[in-house]
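Please look at the sequence and the structure shown below before reading on.

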Amino acid sequence: MSQFKVQLLLDTGIVKVRDIVCSGECRHRSDEECTSATHLVFPYRGVFVRHVGRNDAVAEANQLLFFNEAEPYQVSHPVEGGDACLDLVIEEGQLRELAPKDQLRAGGVLAFRRQRRRIDPRAQALVALLRHSLSRNVAETLEAETLALTLVRRSLGERTSHVAGASPGRQKLVDRAKLVLSSDLSRRWTLAEIAAEVGVSPVYLTQMFQQVEAMPLYRYHLRLRLARALDLLGRYDNLTALGMDLGFSSHSHFSASFRQAYGRTPAEFQRSIRSR
């Protein structure tokens, strides 16, 4: 049985959107493979690691990953639980218009220079809105295409996304910390616990994480939990239980954090995806 479940949500001349769920049964590196077009992949649940040559990228809900056309890669799942991603293929002419030139490699084939960019909370909300609207079959084609292009534009914007800048050693340290956080999103981690798992001092970990990701470790963890909430809002009727399941101390804490990130409360966002 395949470990992948793929659902085609939209396919027009401009954009193709698929929902891809992987069980993550293959913990070691997969066989090498490549794509026939450039894919923009938005993880929204779970975590996996993508390997391109000697370059590794931890894929989780704060990231957009670029799967360049004909570029060999492998995937591994160091954390149990599998993953799910929204996969977009944008018509090449449109993608060239959307992508800043400094993010693309020189040459005839459209390819991004880096494996990933960190997206902001509003882009995460667009991922959830696009996926929920299409999976519930309530978004018209024009609306869905517009949402998809808006998501890509925001995810590639210099002011609304971030490329981690660090040496390979520092990036690997930060990636190990991300895997620790992703192993149990609902756990109320202490800095000492994470540092012990990574194998460095708490002070060094906080300094390196801030330098690489340009945000504190605790805020990164908060964004991962809130992104998981976006994924689960369609399944929960009791939002207090959802917040508690994700490790928030109270419903008010959960609701305030969600609103600060996404501009609306969990209840308002839930109503918006259900009423559509």
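This report goes from the whole chain to the sheet and then to one glycine.

The model is predicted, so local features need pLDDT of at least 70 and side-chain atom pairs count only at pLDDT 80 or more, while totals for chains, interfaces and linings use all residues. Residues are numbered from 1 along each chain as its sequence is written, and side-chain values use heavy atoms, with hydrogens and water left out.

The chain holds ten helices and ten strands. Helices (H or I, at least four residues) and strands (E, at least two) are DSSP runs numbered from the N terminus. For 276 residues, a compact globule would have a radius of gyration near 19 Å, and the 18 Å of the chain agrees with this. The radius is taken over C-alpha atoms, and the globule rule is 2.2 Å times the number of residues to the power 0.38. Further values for the whole chain are in the table.

| Property of the chain | Value |
|---|---|
| Span of the C-alpha trace along its principal axes | about 50 × 45 × 45 Å |
| Residues that count as buried | 53% of 276 residues |
| Accessible surface | about 13100 Å² |

Buried means under 20% relative accessible area, exposed over 50%, and partly exposed in between (1.4 Å probe, protein chains only). Accessible areas come from the Shrake-Rupley method with a 1.4 Å probe; for residues, only the protein chains shown count as cover. Carbon and sulfur atoms account for 49% of the accessible surface. Among contacts with a separation of 6 or more, 70% are between residues 24 or more positions apart; contact means heavy atoms within 4.5 Å.

Seven strands make up an open antiparallel sheet in the order β1-β2-β8-β3-β6-β9-β10. β1 (4-11) and β10 (161-162) are at the edges with a single partner strand each, so one side of each has no neighbour in the sheet. Two strands pair if DSSP finds at least two bridges between them. Three residues lie between β1 and β2, which form a hairpin. β10 pairs with β9 (residues 116-119) over two bridges, again in the antiparallel sense, and isoleucine 119 is opposite serine 161 in β10.

Glycine 247 lies in the loop between α8 (239-245) and α9 (251-262). Its relative accessibility is 9%, so glycine 247 counts as buried. Apart from neighbours within four places in sequence, glycine 247 is in contact with Ser186, Arg188 and Arg225. Glutamate 97 is 150 residues from glycine 247 in sequence and 41 Å from it in space, C-alpha to C-alpha.
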